[in-house]
Amino acid sequence: MEFQAKTAQANTIKSGCIVVALFEDNALSASAKLLDQACNNYISKLVERGDANGKAGKKLLLTGLHNVAAERILLIGMGKQGETTAKQFCDAITAVIATLKDSPAKNAYYFLNEVKVVAKDDAWKIRQQVQISHNALYTIDQFKSEKTPAIKLSKIFLATDDAA
């Protein structure tokens, strides 16, 4: 598994999956808003209908959105905007990687640094995204009679403001 920090805009990326945040008050993160605008407010309509909500760890995988270069968009709930706890953030990443692990996506962009986590900085958020994702994808087949099927996901990009 390869991880890379990269400056990017969600609405212009060709990727297997883009991961963006949704909050309990049905507010979209900045990158989710860009994607929503690109697909004529389709994401907002889904949220208004109740197909997605911002409860921490809740997720909705969208495919085939018009005017969006990415093959999939994964909306992940982050709790109350501005009040996301460290536990909620980590649980959300766990939910994200569980979804990506079973998807055909070969790469993914996480736009989760936009989420304000109470008493945590960007370095902490990046470290958690890498550690949790790496741990969830790690497998030991040495002592198994049947090997674990290979995961298609091979690269995760962490979208940052300045590709630090």
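Modeller: Buried means under 20% relative accessible area, exposed over 50%, and partly exposed in between (1.4 Å probe, protein chains only). Helices (H or I, at least four residues) and strands (E, at least two) are DSSP runs, numbered from the N terminus. This is a predicted model, where local features need pLDDT of at least 70, side-chain atom pairs count only at pLDDT 80 or more, and totals for chains, interfaces and linings use all residues. Residues are numbered from 1 along each chain as its sequence is written, and side-chain values use heavy atoms, with hydrogens and water left out.

Biologist: How many of the residues of β4 are buried?

Modeller: Look at both sides of the strand. R72, L74 and I76 point one way, and they are buried. I73, L75 and G77 point the other way, and they are buried too. So β4 is mostly covered, and the count of buried residues is 6 of 6.

Biologist: Which residue in β4 is the bridge partner of I18?

Modeller: Two strands pair if DSSP finds at least two bridges between them. Here 5 bridges join β2 to β4, and the two run parallel. In β4, I18 has as its bridge partner I73.

Biologist: And which residue in β4 is the bridge partner of L61?

Modeller: Turn to strand β3, residues 59-63. With β4 it pairs in the antiparallel sense, over 5 bridges. The partner of L61 in β4 is L74.

Biologist: Within what arc do the buried residues of α1 fall?

Modeller: Helix α1 spans residues 30-38, and its buried residues are S31, A32, L35, D36 and A38. Look down the helix axis and take the directions from it to the C-beta atoms. The buried residues line one face of α1, because they fall within an arc of 160°.

Biologist: Which residues are exposed on the other side of α1?

Modeller: The buried residues of α1 have cover that includes β2 (17-22), α2 (42-49) and β4 (72-77). The other side of α1 has exposed residues. They are A30 and Q37.

Biologist: How far from C17 is the nearest cysteine sulfur?

Modeller: A disulfide is a pair of cysteine sulfur atoms within 2.5 Å. The structure holds 0 disulfides. C17 is in none, and its nearest cysteine sulfur, that of C39, lies at 14 Å.

Biologist: Is C90 buried or exposed?

Modeller: C90 is in no disulfide, and the nearest cysteine sulfur, that of C17, is 19 Å away. The relative accessibility of C90 is 18%. That value makes C90 count as buried.

Biologist: How many residues apart in sequence are the parts that Y109 and F157 tie together?

Modeller: Rings of Phe, Tyr and Trp (its six-membered ring) pair if their centres lie within 6.5 Å; planes under 30 degrees apart count as stacked, over 60 as edge-to-face and the rest as tilted. The rings of Y109 and F157 have centres 4.5 Å apart and planes at 20°, so the pair is stacked. Y109 lies in β5 (residues 107-110) and F157 in β6 (residues 155-160), so the separation in sequence is 48 residues.

Biologist: Which residues do ring pairs link into a cluster?

Modeller: The structure holds 3 aromatic pairs. One of them is Y109 with F111, stacked at 6.3 Å centre to centre and 25° between the planes. Both Y109 and F111 are buried. The cluster links Y109, F111 and F157.

Biologist: Which residues does V118 touch, not counting residues up to four places away in sequence?

Modeller: V118 is found in the loop between β5 and α4 (122-137). Its relative accessible area is 40%, so V118 is partly exposed. Contact means heavy atoms within 4.5 Å. With residues up to four places away not counted, V118 touches G82, E83 and T84.
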